[in-house]
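This report walks through selected local features of one protein model.

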Amino acid sequence: MVASRRHKVIAVLAAFLGAVTGLSSCNTMRYVPQDKYLLRRNVVEIEGEQKTARRERVTPKELMQYVQQRPNNRLLGIGLYLGMYNLTDTAKHNGWQRFWRNKVGEAPVIYDPVQAARSREMMQVYLTSRGYLDATVSDSVEYHRRKRKATVRYIAREGRPFTVSEIRYRIDDKFLEPIILEDTAASLLKQGMIYDRDVFDAERERISARLQDMGFWGFNKGYITYVVDTAHLDQAMTLTLRVRQRVAYVTSDGEQVMENHPIYRIGQITVNTDYDPTLSPEQIERLPWDTVRYNGIDILYLDKLRLRENILVGAIRLSPNELYDKSSVQRTYNNIRNLQYSSNILFNELPYDTLHPVEVTRASASGTTVSTRERNLACLIQCTPNVRQNFNVDAEISTTADYYSMALTLGYQHKNLFRGAENFTVGFRGAYELMKNKGNRNSYEFGVSVGLDIPRFLLPLRADKLAKFPQQKTNISVTYDIQRRPDYNRTIAGGTFGYSWTLRNGARFQINPADINVVDVPWIDADFKNSIENPYLKNSYESQLIAGLSAGYYYQTDPNPKANNLSIRLTGDVNGNLLRGLTQWLGKSSTINAGLADEETFYKIFGIRFAQYARLSFDISQRTNLTATTQLAWRFFIGGGIAYGNSKTLPFERLYFAGGANSMRGWQVRTLGPGETLYRKETYPNQLGDFRLEANLEYRFAVAGGFGMAVFLDAGNVWMNAKGSAAAARFRFDSFYKEIALDTGLGFRYDLGFVLLRLDWGLKLHNPNVPEPERWKSGFKWRETALHFAIGLPF
């Protein structure tokens with residue numbers, strides 16, 4: 001019977017694939033003119049031996065990005081999009097035809113020799129920029145005349161790269177000469193390096209940025225040029241970096257009069273806190289502005305000042321009568337953004353006193369005295385308030401043959417609660433779960449959280465001492481959660497106090513010196529507790545106090561789900577050490593099971609036992625766009641904890657679980673693991689562990705409009721600590737790989753623009769929580785699947 005079902009499934013899949021293949025092959029040439037060829041493939045090859053170091057070589061992949069004409073996109077090797085286009089009638093222009101032709105389908109890409117020539121030229125330009133000045137690129141076309149398809153082959157002959165044998169400096173601005181020459185040790189230009197325009201341009205940017213940090217506001221990389229001389233040198237060159245003066249004015253005869261670059265000092269600073277970019281300058285000027293002056297800075301506002309003066313001015317890293325500093329301008333941008341404003345910082349050169357000009361002198365490289373003028377800038381900071389209040393909704397629904405769950409989260413946010421750019425949030429979360437077997441046992445959960453983020457550190461230190469921490473925040477939060485399950489009731493109350501700031505690479509670091517949770521278990525079913533064979537897990541169902549330190553590192557390159565992205569999360573917490581030291585010194589210990597093998601001694605504070613443990617988690621994920629319509633995403637997670645001292649186990653809420661919409665999608669939440677423990681369906685799902693290992697792979701592709709699909713593969717499990725846990729639940733290095741669960745499935749996504757709806761259907765492939773002969777699944781069984789609805793991508 002099983003074999004018969006398997007054959008039926010295979011037959012259906014074969015029929016489907018055959019239909020799709022026929023769709024994309026039989027009609028492939030429908031809209032290709034008889035005298036034209038469909039572009040089938042591009043090939044890039046590099047001829048000749050490459051003697052340069054591997055990291056300096058130009059690869060075919062680098063050259064491929066300059067190919068101007070790409071073949072039609074394919075889905076899993078099948079030309080589905082072209083097939084969809086060919087099903088339509090281009091003579092008809094009704095809505096249905098336009099939808100399939102423009103939204104779903106893709107017009108045939110006809111080989112164009114003009115585009116091929118353009119590709120060849122761009123490849124050669126790129127090779128020249130990388131030092132291969134003698135490189136040539138040719139192309140040839142392989143015509144498949146019977147199929148009327150063309151393969152374009154690009155062949156690059158690089159030759160030997162040119163190197164820089166000597167570096168010279170020609171600085172026309174003698175005031176800048178000693179400044180630039182004293183910094184050559186930090187130069188990106190090195191003798192013997194391969195000619196590389198990107199490196200040359202980066203050196204121009206570096207010199208410009210350094211000079212702008214020293215007050216040279218008007219200087220930019222356009223004043224820096226290079227002269228290359230290859231005469232009488234074998235594959236080498238002399239490189240001369242030239243720094244030009246600026247044009248002071250042009251005479252009536254058209255002659256340019258040059259001068260040294262002036263130094264700029266900031267004069268008046270004006271902040272417009274209610275700037276509307278949709279209005280013209282004339283309309284803005286006619287508005288009824290009020291002005292307040294604080295620490296020498298003028299603040300303009302309408303009606304009332306939304307932000308307190310000290311908060312706004314404290315975010316500005318510019319001061320009147322100070323030299324212009326580009327780095328301070330960037331820090332000001334970041335700080336104002338942290339105050340929930342969009343900003344634009346403008347500088348305007350003020351007329352200087354021609355009768356009494358301010359001169360700045362210094363010694364030149366040759367020892368003579370040189371000078372330049374000092375000028376003034378007016379600074380205008382235009383601030384546009386962001387949306388101050390918003391609401392958000394998050395939902396998750398999961399179901400299997402015998403289990404159903406749903407969760408709903410409602411949130412409110414106010415980004416300027418006390419006129420200090422404080423971010424105030426309130427969240428409400430409700431969850432309901434139902435087991436359809438054994439009397440329809442259900443449970444529910446309700447929680448509320450309140451948070452306040454203050455855009456500065458609440459520390460007894462001067463603000464200038466903390467200025468090196470950009471986008472600094474003080475984070476305060478309070479939570480309360482009620483859980484009512486068939487076998488136990490729990491109440492969790494908690495609070496955190498901590499600090500977060502942004503690092504130079506854009507990552508965020510957070511540390512919470514106070515992270516406290518009180519877990520109360522007022523009732524637990526005696527039969528349920530006695531049925532837990534694992535004493536290690538049994539101890540986690542107890543009232544506990546969790547108090548300690550937590551920290552986290554968060555890095556993300558681009559949050560846009562359609563962009564390439566690398567995301568890293570590293571979190572850890574250590575709890576109970578301080579309390580253990582105090583109670584061991586001052587307190588009195590308690591003992592349970594005295595005289596027995598499992599005798600346990602512990603300390604209490606305020607009449608409740610406190611937890612002592614350490615935990616660390618690492619989560620990394622990446623999205624890579626393969627084509628304009630396809631994306632490959634993966635994630636790897638590893639986390640574990642260990643209890644010691646006053647605890648024998650991790651607290652229940654600090655244990656790990658797998659399954660659900662964002663984890664192992666072939667399982668429901670808390671129904672996988674630990675290890676190879678046999679799962680009993682008659683019990684409420686509480687499969688937990690203190691170690692979790694998981695990897696996810698997902699291939700995403702667009703289908704039509706905002707609708708997309710995905711094929712995914714998940715692998716992972718949770719395990720218990722070896723100490724005191726059941727043998728089947730333990731993590732063992734020599735056998736853990738046999739206990740890795742596997743699932744696969746299909747995902748459906750619909751992007752509404754402001755929110756992405758997701759439906760994932762997971763199928764178990766390998767289930768370690770059933771008897772060994774039944775672990776590998778064959779064929780399709782509905783009870784081996786799980787359906788998850790959620791908002792947003794899983795990773």
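Three strands make up an open sheet, ordered E4-E6-E5, with mixed pairing. Strand E4 (163-171) and strand E5 (224-229) sit at the edges, each pairing on one side only. From one strand to the next, the twist averages 25°. This is a predicted model.

**The sheet and its helix**

E5 and strand E6 (residues 236-243) run antiparallel and are joined by 6 bridges. Which residue of E6 is the bridge partner of Tyr226? The partner is Leu241.

Helix H7 (residues 197-212) lies across E4, E5 and E6. The helix runs at about 145° to E5.

Tyr226 has contacts well beyond its own stretch of sequence. With neighbours within four places in sequence set aside, Tyr226 is in contact with Leu189, Phe200, Glu203, Arg204, Leu239, Thr240 and Leu241. Arg168 is 58 residues away from Tyr226 along the chain, and their C-alpha atoms are separated by 9.8 Å.

Two residues have a positive phi without being glycine. Gln235 has a phi of about 55°. Its place is in the loop between E5 and E6. Is Gln235 buried or exposed? Gln235 counts as buried because its relative accessible area is 15%, and the cut-off for buried is under 20%.

The other is Arg419, with a phi of about 60°. Arg419 belongs to the loop between strand E16 (403-414) and strand E17 (423-435). Its relative accessibility is 35%, so Arg419 counts as partly exposed.

There is also a cis peptide bond to note. The bond runs from Gly673 to Pro674, with omega near -10°. Pro674 lies in the loop between strand E29 (630-643) and strand E30 (691-704).

**A nonpolar patch**

Val393, Leu408, Leu410, Phe428 and Phe446 make a nonpolar surface patch of about 450 Å². Leu410 lies in strand E16. At 40% relative accessibility, Leu410 is partly exposed.

**Salt bridges**

How many salt bridges does a search of the whole structure find? The search finds 47.

| Pair | N to O distance |
|---|---|
| Asp172 and Arg242 | 3.0 Å |
| Glu177 and Lys174 | 3.8 Å |
| Lys562 and Asp751 | 4.0 Å |

Take the salt bridge between Asp172 and Arg242, at 3.0 Å. The pair links distant parts of the chain, 70 residues apart. Asp172 is in the loop between E4 and helix H6 (177-181), while Arg242 is in strand E6. Asp172 counts as partly exposed at 22% relative accessibility. Arg242 is partly exposed too, with a relative accessible area of 25%.

Next comes the salt bridge between Glu177 and Lys174, whose closest N and O atoms are 3.8 Å apart. Glu177 is buried, with a relative accessible area of 15%. Lys174 counts as partly exposed at 37% relative accessibility.

Lys562 forms its salt bridge with Asp751, with the closest N and O atoms 4.0 Å apart. Distant parts of the chain are linked here as well, 189 residues apart. Lys562 is in the loop between strand E22 (544-556) and strand E23 (565-575), and Asp751 is in strand E32 (residues 741-751). Is Lys562 buried or exposed? Lys562 is exposed, because its relative accessible area is 61%, and exposed means over 50%. Asp751 counts as partly exposed at 26% relative accessibility.

Arg665, Glu698, Arg700, Asp714, Arg749, Arg758 and Asp760 are linked in a network of salt bridges.

**Back to the sheet**

Several of these details come together at E6. Strand E6 pairs with E5 through 6 bridges. Strand E6 supplies Leu241 as the bridge partner of Tyr226. Gln235 sits in the loop that lies between E5 and E6. Helix H7 lies across this strand together with E4 and E5.

Key:
Residues are numbered from 1 along each chain as its sequence is written. This is a predicted model: local features need pLDDT of at least 70, side-chain atom pairs count only at pLDDT 80 or more; totals for chains, interfaces and linings use all residues. Side-chain values use heavy atoms; hydrogens and water are left out. Two strands pair if DSSP finds at least two bridges between them. Helices (H or I, at least four residues) and strands (E, at least two) are DSSP runs, numbered from the N terminus. Axes are lines fitted to C-alpha atoms, for helices over the stretch in contact, and angles run from 0 to 180 degrees between N-to-C directions. Contact means heavy atoms within 4.5 Å. Buried means under 20% relative accessible area, exposed over 50%, partly exposed in between (1.4 Å probe, protein chains only). Patches are made of residues with over 30% relative accessible area and no salt bridge: like charges are joined within 9 Å, nonpolar side chains (Val, Leu, Ile, Met, Phe, Trp, Tyr) within 5 Å. Accessible areas come from the Shrake-Rupley method with a 1.4 Å probe; for residues, only the protein chains shown count as cover. A salt bridge is a side-chain nitrogen of Lys or Arg within 4 Å of a carboxyl oxygen of Asp or Glu.
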